[in-house]
Amino acid sequence: MCGVVGYTGKNQAVKYLLDGLSTLEYRGYDSAGVEVLSPSGNLHGVKCVGRVATLVERCKTANLVGTAGIGHTRWATHGAPTDRNAHPHTDCSGRIAIVHNGIIENFQELRRDLAAAGHELRSDTDSEVIAHLVEDAWNGPAKGDLAAAVRNACDRLEGSWAIAAICADAPGQIVCTRKGSPLVVASTPDGAYAASDVMPLAKVTSHVIQLDDGDIATLRQDGSVAITDRDGIAVEHPSTMDIDWDASAATLGGYSDFMAKEISEQPAAIERLLQGRLGKHGVELDELSMSDEELAAIDRVYVIACGTSYHVGLITKAIIQKWAKIPVFCEYASEFNYSDVLVTEHTLCVIITQSGETADTLTAARRMKGMGCRVFAITNVLGSSAARESDGTMYIQAGPEVCVCSTKAYTAQMVAAVLLALRLALVNGQMDQAEVERHFHDLEQLPGLISEVLKRRWQDKQAARLFRNAHSSLFLGRGVNSTTAYEGALKLKEVSYLHAEAYPAGEMKHGPIALLEPGFPVVAVVPADHVHDKTVSNIQECIARGAVVVAVATDGDEAVAKLCQDVLWVPPVPDEDLFPIVGVVHLQLLARYVARARGCDVDKPRNLAKSVTVE
C-alpha cells in the first residue's frame, strides 16, 4: 500500500531514498517525501503531493546533505493526499521522524490522549501518532534509546505497521519494525538499508534480512544491523533471503511501460514454471508438503483470494472440480473472513496472492490454519508473508511485476492452479499417468500460443477505437470463459477508467441487455468450445440492439467473423479448459490500448496500489 525506505552509511542518503521510492512507487503514489539527518545534527525533509518525479525535482534545490535518512511513497487511507498528510511525520520538536505503512486502528484514541498531553498534531493521518508516541518514550521510559522508544510506542499501537524511525539525537541510526506489513533490511559494506520489499535492494545486494512481526532492527552507519524481538532479546538467527533475479528485471528494458513489458514476458514466465514439473509419478509438487495419502483424502477445497487472483480462484474451482472431482468453494477473502465456514479434517485451503502480502487473504489463511486446515499458497514473491505462514508454497516464478494491474502473474497463477488440479486428480484416482502427461504436454504448448497472440496485438490496437469515447462496456463469456470476461472487464476498468461489467453470456438477458444501445461496445469471449453456439446466439442478441461486438475467437471461425465488428483471433488451444490462459492476453492488450488512447497511465492507475496490505 505504501513504500518505505531507509539508509544509513558512507554515502549520501538522498540518492538511495529517491531511487528506492521510484522503484516502490507501484505501492503508492498519492504523495511522497524524504527526511535526512544533516551534518549539523538537524532533520531536513521534503514532501509533496504527487508522484516521486515531483519529489525528485523538489529535492534538487533542497540541499539534502546527509548520510542517514528515510523516505516514503503514500497510498492514502486516513486523510486526503495533501502535503501535510504526506510522510515522513515528525514529533513536536522536529527531532524525530517516522514513515509508516499500514493502519493504526486505535489512532483516534491515541490522538485524543496525545493532544490532552500537550502534543500538537499537524496532519489528518493515523501515522503521525507514531512519531509522538516515540517522542514520549524517548523522553521517558526509553531514556534516549531509539530502539526502546520505538518498541515502547508499538506497545500502544493496534493494527498493522512497517515503521522506520530516525532521530536527530541518535545520529547514524535508523530503527525499523513491523507487524503485519512487510519490511526487509540489508547489511552491506556501504551501509545498512531498509525497504518495503526487495526491489530497491536488488541494486545494492543479493542478500536481505526479513523482519518477523515484532522484530526491532537497528541500522547503523557502519552497515551493521542489530535485531531484537518484541521483548528486547537479541535475535541470533534472523530470517534471510537471497534475491534470485537481476535488478534489470524491474526496469523497462526498452518498453514504453511496465504493462507492455510484463504482458510480453508471459511465455517465458510459464516456461519457467513448467520446467522440471513432470516426473515419473505425475506432476511434481513437492511444495505441497503433503503425502499422496493426505492429498487423496482431501474432501473439499477452499480457494481464497482478492481481485485478479480471485478470478484465478474461479478457474481453479472449475478445473479441480472437473478433473479431480473434489468440491471447491471459491471465496473473496474480504467476505470470507466474516462468514461461516464448513471444514473437516481433510479440508485444503488454497490462498492465491501475487504479492503474498494481501491483508484480507492472509487473515483468511490464519483463520483456516486455526481451524486445523492445511494451507497452500500460490504466490509470486519469495519469502512473502503468505509463503512464510503457509504449510506449502508454489512460487509462480513470474519475476517482479511492477505494473499495478497484474498480467503475467495472472496467467502464471492459472498454470499453477492447473498443476495443482493434475496432482489431485492423479492421487485420488480420477486420472492416470497417461492422462496427466497429456494435459501437461498441452500446458507446454501455451507459451508458443501466447507468443502468437502477442504477434497479433495490432488487432487489439484496432479494436480499441470502439472504446475510446464510450461511457460503458459489457464483457460476456460462458463456462470458464465467463471468468475470462470478468478479468477482461476488470483490466479495462483498472487502467482506462472506462466502466465495464462482465456477465456469463446467458445472464445478459436478465438485466444487462437494458444497457445496450447503438454503438455500445460488447466484448464476447467465444472460443471453439462446447458452448460456442450458445455464445454466438448471445452475440446476435447484442447486435440486434445496435451494440458493436468485439469477439475473442478461435482462428477460422467464419460465423463469428461475419457477425462482429472486430475479432481478436486466438490460435487453436489443445484443451478448451486452458483457453482462458491464452485468450485473456488479448484482453490485457485491449485494455492497455484503450487506456493509452484515453490518456491514462497504464502502470499507475488512480486510487490503486499493487500490494494491498491493509483490510
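**Ground rules.** I number residues from 1 along each chain as its sequence is written, and side-chain values use heavy atoms, with hydrogens and water left out. Because the model is predicted, I note that local features need pLDDT of at least 70 and side-chain atom pairs count only at pLDDT 80 or more, while totals for chains, interfaces and linings use all residues.

**Helix pair.** I looked up α1 (residues 13-23) and α2 (residues 52-60), which pack at an angle of about 165° with their axes 10 Å apart; helices here are DSSP runs of H or I with at least four residues, and strands are runs of E with at least two, numbered from the N terminus. Axes are lines fitted to C-alpha atoms, for helices over the stretch in contact, and angles run from 0 to 180 degrees between N-to-C directions. The two helices are therefore roughly antiparallel, a term for angles over 145 degrees. I then listed the contact (heavy atoms within 4.5 Å), to which α1 gives Leu18, Leu21 and Ser22, and α2 gives Val52, Leu55, Val56 and Cys59.

**Sheet.** I traced six strands in an open antiparallel sheet, in the order β5-β6-β7-β8-β12-β13, where pairing requires at least two DSSP bridges between two strands. β5 (89-90) and β13 (225-228) stand at the edges with a single partner strand each, so one side of each has no neighbour in the sheet. Between β6 (residues 96-104) and β7 (residues 159-167) I found nine bridges, and isoleucine 98 stands opposite alanine 165 in β7.

**Helices on the sheet.** I saw that α4 (residues 128-139) touches β5, β6 and β7, its direction making about 130° with that of β6.

Terms used
Angles under 35 degrees count as roughly parallel, over 145 as roughly antiparallel, 65 to 115 as roughly perpendicular and the rest as oblique.
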